[in-house]
Amino acid sequence: MCGIVGGVGKGNYHDFLLNGLSSLDYRGYDSAGVTIVNEGGIKTYKVVGTVEDLIKKAPEELNGFVGIGHTRWATHGTPTLNNAHPIVSMHKEFVIVHNGVIENFLSLRTKLLEEGYAFKGETDTEIIANYLEYSYHHSDGVLTAIKKLILRLRGSYALAIIHAKEPDKLYFAKKNSPLIIGEGQGMNYLASDAVPLLSYTDKFIDIDDLQYGFLTSSDIKIFYKNDEVPKHYITKNVELLKKELNGYESYMLKEIEETPAIISRLCTNYFDGTEFKFSKSLIRSLKSADTIIFLSCGTSYHASLEGVRYMRYLGKASEAYVASEWAYEPVIFGKKPLFILISQSGETADLIKCQKVINDYGFINISVTNTPGSSIDRESTHSLLLNAGLEVSVASTKAFSAQVALLAILVGAIENRFNVIDHLRTLVDALEKITAQKENIDLIAQKLLNYNLLFFIGRGNDLIAAKEACLKMKEITYIHSEAFPGGEMKHGPIALIDHKTALIAFNCESMTNAAIRNNAKEVETRKGSIFIVSSEAVYRGGDVFSLPYVKPYIKVIPAVYFSQYLAYFVAKHKGVNIDKPRNLAKSVTVE
Ligand code: F6R
């Protein structure tokens with residue numbers, strides 16, 4: 001995954017590089033580094049650890065002509081100083097930062113070894129640096145060497161490249177990893193996303209796959225194959241990209257509590273009081289499709305599961321697939337399939353891979369993302385945006401609720417049923433009621449600290465809530481958690497239950513109330529502890545929480561909202577890093 005930043009033009013790069021990397025550390029936080037070139041030569045500062053650690057190590061002033069920085073999520077090679085970026089080529093002619101994964105690194109390495117190159121670390125990036133240097137020695141300049149590099153590399157890369165002999169230039173290349181350029185005044189910039197550049201410019205250029213080029217302090221040159229390509233400037237909504245804690249102690253808590261406002265905003269964004277505001281061609285495409293296939297990963301996959309229920313309600317055949325599975329064995333059925341791709345970041349590599357397959361077939365695909373201009377947003381036939389604001393916490397929270405709410409509004413638009421907006425407004429009140437009771441959720445969380453195995457069950461909509469609750473719990477608290485359909489407990493998992501096991505049972509459906517309570521009883525009989533989360537309709541004394549009433553088709557949202565708080569409080573009491581759980585990164589840009 002990883003995040004990259006770079007700039008060219010005379011100045012002090014301290015704030016740009018280090019603040020920029022801080023804003024990108026959602027992309028990885030195993031190691032970090034910066035390189036600056038000035039009259040004194042090339043200086044690199046690296047740490048194994050986070051950008052905060054790098055800030056402590058880097059000097060107060062980073063004056064120079066050109067600078068690059070990197071925050072890493074380790075793929076090839078453990079997080080060590082040798083593997084941390086920026087990476088210098090063997091003869092010290094190139095310094096590069098890289099986001100992505102090179103698939104054919106072994107064959108390139110073999111070739112370079114034959115050519116007398118040696119390697120200090122285990123990264124695929126060191127192979128890029130050395131291959132570039134090798135190509136440069138057999139080319140008439142850096143641009144030709146980059147062109148040759150592009151022809152040889154398989155996989156994904158966003159590269160910022162410093163050539164030691166040309167400190168007035170910052171070279172770049174991109175394929176399958178995001179890269180954006182910002183045009184400043186007397187300085188030009190690049191980064192993995194626009195956030196690091198917001199204080200310096202409002203003129204951005206998205207770089208497309210296989211484009212390469214260079215920046216100087218006053219010029220930007222972009223090439224594709226042998227030709228220079230014109231620059232297409234875009235703007236970014238600064239408000240939605242703000243990364244501020246606003247007095248909260250963690251982004252996760254802040255983002256959970258932004259959810260009600262986001263749902264209200266979705267209602268006004270997609271319904272103007274008299275009609276829905278989706279493009280006519282999008283609605284036509286949906287209406288005429290006989291099959292709706294959802295593709296996504298992680299939390300977004302759980303939102304897709306709700307989407308499947310909505311589409312089946314509309315009479316369509318519908319399935320949801322995990323993108324990393326579908327990418328290798330695409331399942332396409334129906335006479336007129338339509339794809340809905342859900343992704344908070346819009347940059348998830350597995351989903352990008354699926355989208356390429358879909359676009360090669362020429363099928364219509366709707367993207368539901370929180371990131372305008374992201375790869376998935378740009379490549380879709382129809383784009384739907386969550387406008388939920390930057391999600392910084394690695395654990396996705398507000399995006400899930402926004403995804404489900406937006407799908408619900410979409411169904412309202414297809415059926416021309418305006419009351420979906422009223423239902424969502426009731427939902428907003430329900431979420432606020434849950435927030436008002438968060439101390440009670442904290443008390444439940446404190447009890448969960450006593451267990452080393454957590455099971456989550458539910459049936460129907462509640463099963464989706466159970467799956468998402470389980471994912472949230474395991475990723476930020478590290479307590480082993482598993483989710484099952486209530487009825488599956490007795491088909492195996494029940495063997496694991498002892499007095500250190502707790503069962504969190506979502507029980508908000510009248511139809512399955514008795515069955516879920518039976519499942520819970522079976523666990524209690526085997527000395528497990530039970531925590532039943534029910535709704536007003538089915539509440540019984542002894543249940544740990546009662547979720548306020550909302551229309552059944554959106555009740556996964558309050559259940560998940562509750563569970564986000566639950567995981568948050570467990571993590572808080574465990575004293576772990578809530579916003580940056582170990583081994584994870586926010587944007588999963590590798591397969
Ligand atoms: C879980 C989480 C991940 C993401 C998944 C997909 O809290 O954040 O499971 O949901 O990596 O990411 P997007 O939605 O950006 O495609």
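Biologist: Is R378 buried, partly exposed or exposed?

Modeller: R378 counts as partly exposed, because its relative accessibility is 31%. Buried means under 20% relative accessible area, exposed means over 50%, and partly exposed is in between, with a 1.4 Å probe and protein chains only. Before we go on: this is a predicted model, where local features need pLDDT of at least 70, side-chain atom pairs count only at pLDDT 80 or more, and totals for chains, interfaces and linings use all residues. Residues are numbered from 1 along each chain as its sequence is written, and side-chain values use heavy atoms, with hydrogens and water left out.

Biologist: Which side chain does R378 meet in a salt bridge?

Modeller: D208, at 2.7 Å from N to O. A salt bridge here is a side-chain nitrogen of Lys or Arg within 4 Å of a carboxyl oxygen of Asp or Glu. The pair links distant parts of the chain, 170 residues apart: R378 is in helix α11 (residues 375-379), and D208 is in the loop between β11 and β12. Helices (H or I, at least four residues) and strands (E, at least two) are DSSP runs, numbered from the N terminus. D208 is partly exposed, with a relative accessible area of 35%.

Biologist: And D209, what does that pair with?

Modeller: D209 forms a salt bridge with K356, and the closest N and O atoms are 3.9 Å apart. D209 lies in the loop between β11 and β12 and K356 in helix α10 (residues 349-361), so the pair ties together parts 147 residues apart in sequence. D209 has a relative accessible area of 29%, so D209 is partly exposed. K356 is partly exposed too, at 37%.

Biologist: How many salt bridges does the structure hold?

Modeller: The structure holds 22. One of them joins E183 and K203, with the closest N and O atoms 3.2 Å apart. E183 sits in strand β9 (residues 180-183) and K203 in the loop between β10 (188-191) and β11 (204-206), 20 residues apart.

Biologist: Switching topic. Where is S343, and is S343 buried or exposed?

Modeller: S343 is in strand β17 (residues 337-343). S343 is buried, because its relative accessible area is 3%.

Biologist: What does S343 touch?

Modeller: Its contacts, meaning heavy atoms within 4.5 Å, include S300, T348, L351 and Q403, not counting residues up to four places away in sequence.

Biologist: What is the strand order in the open sheet of seven strands?

Modeller: The order is β5-β6-β7-β8-β12-β13-β14, with antiparallel pairing. β5 (87-88) and β14 (227-228) stand at the edges with a single partner strand each, so one side of each has no neighbour in the sheet. Two strands pair if DSSP finds at least two bridges between them. β8 (residues 170-175) and β12 (residues 211-215) pair over four bridges. There, F172 has G213 in β12 as its bridge partner.

Biologist: Last one, the whole chain. How many helices and strands?

Modeller: The protein chain has 17 helices and 24 strands. Buried residues make up 61% of its 591 residues. The C-alpha atoms fill a box of roughly 75 × 50 × 45 Å, taken along the principal axes.
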